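Have the model open beside you as you read.

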Amino acid sequence: MRALQEFHRRSLHDRDAFWTEQAKMVHWEKPFTKVLDYSRPPFAKWFVGGETNLCYNAVDRHLRDRAGQKALVWISTEVDREKSYTYREMHEEVQRAAAMMVALGVGKGDRVIIYMPNIPEAVFAILACARIGAVHSVVFGGFAAASLAARIDDAKPKLMVTADGGSRMGKVLPYKALVDESIRLARHPPAHVLIFRRGLDADMPVVAGRDVDWAGLAAKHAGAQVPCTWLEASEPSYILYTSGTTGKPKGVQRDVGGHAVAMAASMQHIYCGHAGETIFTTSDIGWAVGHSYIIYAPLIAGMTSILYEGVPVRPDAGVWWKIVQDYRVSVMFSAPTAIRVLKKHDLAWLKKYDLSSLRHLFLAGEPLDEPTHAWISQGLDKPVIDHYWQTETGWPILSAMPGVEPTPIKFGSPSFAVYGYDLKLLRETDASEAGPGEKAVVVIEPPLPPGCMTTIWGDDERFVKTYFSTFSKKQVYSTFDWGIRDKDGYYFILGRTDDVINVAGHRLGTREIEEAVNMHSNIAECAVVGVADALKGQMPLAFAVAKDASKLGSIEGRKAFEKEIMDTVDKQLGAIARPKAVHLVTLLPKTRSGKTLRRAIQALAEGRDPGDLTTIEDPGALEQLKAALAARSA
Ligand code: ATP
Ligand code: MG
């Protein structure tokens, strides 16, 4: 691990030389004069004075060497279509989209809200914004009208771009109708709405004067040439709201130069993706993972990126592995929740295809439990790299870095602090550093590295107050996650700081108990929350999905299973962590990005209002939860 340690050390202690070297991976129209301006902590300005453009780096720069190579492959198992675009075609599409935006009055610094499904036009719109220096704010297509309206009022966009509809599990989602509703609710509506018609919603209403048809406008701008607007490195490139798992969403603002460098460097050092190779990131473009690893990093690196519209089990549970085989995918990036879905299906789906091109599978977004990590590693027979990051950082905080030096994987651990991150584990009580194996708050000693959020859109004060004010003694960036580091230096994330269960004075992380429940061989997945208890203050309550429910039809069968799970927890953590009850369900309430809505579960279990649930994947999960709770109390 010496090379890795030295790499990390240089990134912090020989900072200017290290990042100057990394910055060579991107094109600078005008060179920067200073690597870092940290005169106003905790605000960091990287690559001061340098001028560049994200779209130029992602598209134009590749025209010389790889114009005929595929840049984007769109695969939709929803509408059963595939379409590819070479870098030359991307260049044309993006320039045309840019010309359309300019024609609609969008200029440098203006905001454009993009509310679209995973279709190529969404990528064109995003890169078109980057090209002309407009600030894009992609809002995940699962958000309801009120959530979208709140984001409209925060960003005050000049233009919104949408499609008539999206599709999920074969069901049409009327995007445009929802945009109309959100604009009715908003106080700062856009002047225009640009609509890409897919033929999914024939009855789509049109507002004369405001709504503009993509195809009609595109026809007027065929062959358009729109030069890149050169931007100073720290000017804003985009706004992206956090998932909202823990309350009011925050508009994460990203810069241009630092972001470009972070993307290029991470593709090389972490993901090992090279020009000409193919990457498959299964995320939605509306999430940070989609922004960074479907669009910016792969294209900046000159790769072919697969944009997938669909779910992992339709038409069957082999669909992703078939894509890996057919497109010779070398880098794949997905989420633990998707793997847990696949785990419910036969391993034969994995074995059916030739996966020899695949080097690594990366997973992020939530804790990757040990059994799932082991299952997929054995199934693929390749390194499966759990890595940890946040919308705020835009790229990994903790990860293995096989591009620097391959290191052994420990199941359940996202390995080590990534270069650029001065990571610390601080005791909550006095901000002192925790020792090996001691649970503490994961923090980043500022300045944050290039590519991380530069502020909260329009609210510098909230940025400092939200992220840098956890400890009165020390101004550090709090991730709001618990972690430990073992004696070998491997980190483990134990859940969010507000996901703590206090059982008779013992503080237990939900993740620890979930891990223990998952140890039972017949558990596919579970969620544990703390519920108020008159005697102990709080007690854990578990909701579990069984892999095989055939023996659980009878009350006796369920009771025996529950007892086994409790015994498993007793053995792993001790009786103190034993759940009050284990409710069996077939579905857990999750956001559409796959995060368990623990807050909502907890509220329901305590008989409170679960609050805003607009990002829920399947409302049926809540019904099951309510039914399970009601059956128990009856
Ligand atoms: P909000 O901040 O609005 O509540 P969110 O935190 O869910 O939403 P994201 O930025 O998408 O939004 O998620 C980042 C969080 O996801 C991390 O802080 C951590 O809690 C969790 N997470 C991400 N990757 C991992 C991982 N590999 N292991 C454990 N937890 C992870
Ligand atoms: Mg968060």
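## Strands side by side

Strand 16 (residues 278-281) and strand 18 (residues 329-334) run parallel and are joined by four bridges. To find one spot along this pairing in the predicted model, look for Thr 281, which stands opposite Phe 333 in strand 18.

Strands of a sheet pair through backbone hydrogen bonds, which may be parallel or antiparallel in arrangement. Here the two strands belong to an open sheet of seven strands with mixed pairing, in the order 5-4-17-16-18-19-20. Strand 5 (81-86) and strand 20 (384-386) are at the edges; each has a single partner strand, so one side of each is left without a neighbour in the sheet. From one strand to the next, the twist averages 20 degrees.

A helix joins the picture too. Helix 15 (residues 370-380) packs on the sheet, where it touches strand 19 (360-363) and strand 20. The direction of helix 15 makes about 150 degrees with that of strand 20.

## Two helices in contact

The crossing of helix 19 past helix 20 is right-handed.

Which residues make this contact? From helix 19 come Ile 601, Leu 604 and Ala 605, and they meet Leu 622, Leu 625, Lys 626 and Leu 629 of helix 20. By class, the contact holds six nonpolar residues, no polar ones and one charged.

Rolling a probe the size of a water molecule over the atoms shows where empty space is left. Across the whole structure, a search finds six cavities of 30 Å³ or more.

The largest cavity has a volume of about 140 Å³. It is lined by 14 residues, of which Arg 340, Pro 367, Glu 514, Asn 518 and Cys 526 are the closest to its centre. What classes of residue make up the lining of the largest cavity? There are nine charged, three nonpolar and two polar residues.

The second largest cavity has a volume of about 90 Å³. Its lining consists of 13 residues, with Ala 44, Leu 448, Cys 452, Met 453 and Thr 454 nearest its centre. Strand 2 (residues 43-48) gives the most, with three residues. In this lining, 10 residues are nonpolar, two are polar and one is charged.

Key: Residues are numbered from 1 along each chain as its sequence is written. Chains are lettered from A and ligands numbered from 1 in the order in which they are written. This is a predicted model: local features need pLDDT of at least 70, side-chain atom pairs count only at pLDDT 80 or more; totals for chains, interfaces and linings use all residues. Side-chain values use heavy atoms; hydrogens and water are left out. On a 1 Å grid over the protein atoms alone, a cavity is a set of points where a 1.4 Å probe fits but cannot get out, and a pocket is an open set with protein on both sides within 12 Å along at least five of seven lines; lining residues have an atom within 4 Å of a point. Grid points are joined across faces, edges and corners, and a volume is the space filled by probe spheres set on the points. Ala, Val, Leu, Ile, Met, Phe, Trp, Tyr, Cys and Pro count as nonpolar, Asp, Glu, Lys and Arg as charged, and the others, Gly among them, as polar. A crossing is left-handed if the near helix is turned anticlockwise from the far one by less than a right angle, and right-handed if clockwise. Contact means heavy atoms within 4.5 Å. Two strands pair if DSSP finds at least two bridges between them. Axes are lines fitted to C-alpha atoms, for helices over the stretch in contact, and angles run from 0 to 180 degrees between N-to-C directions.
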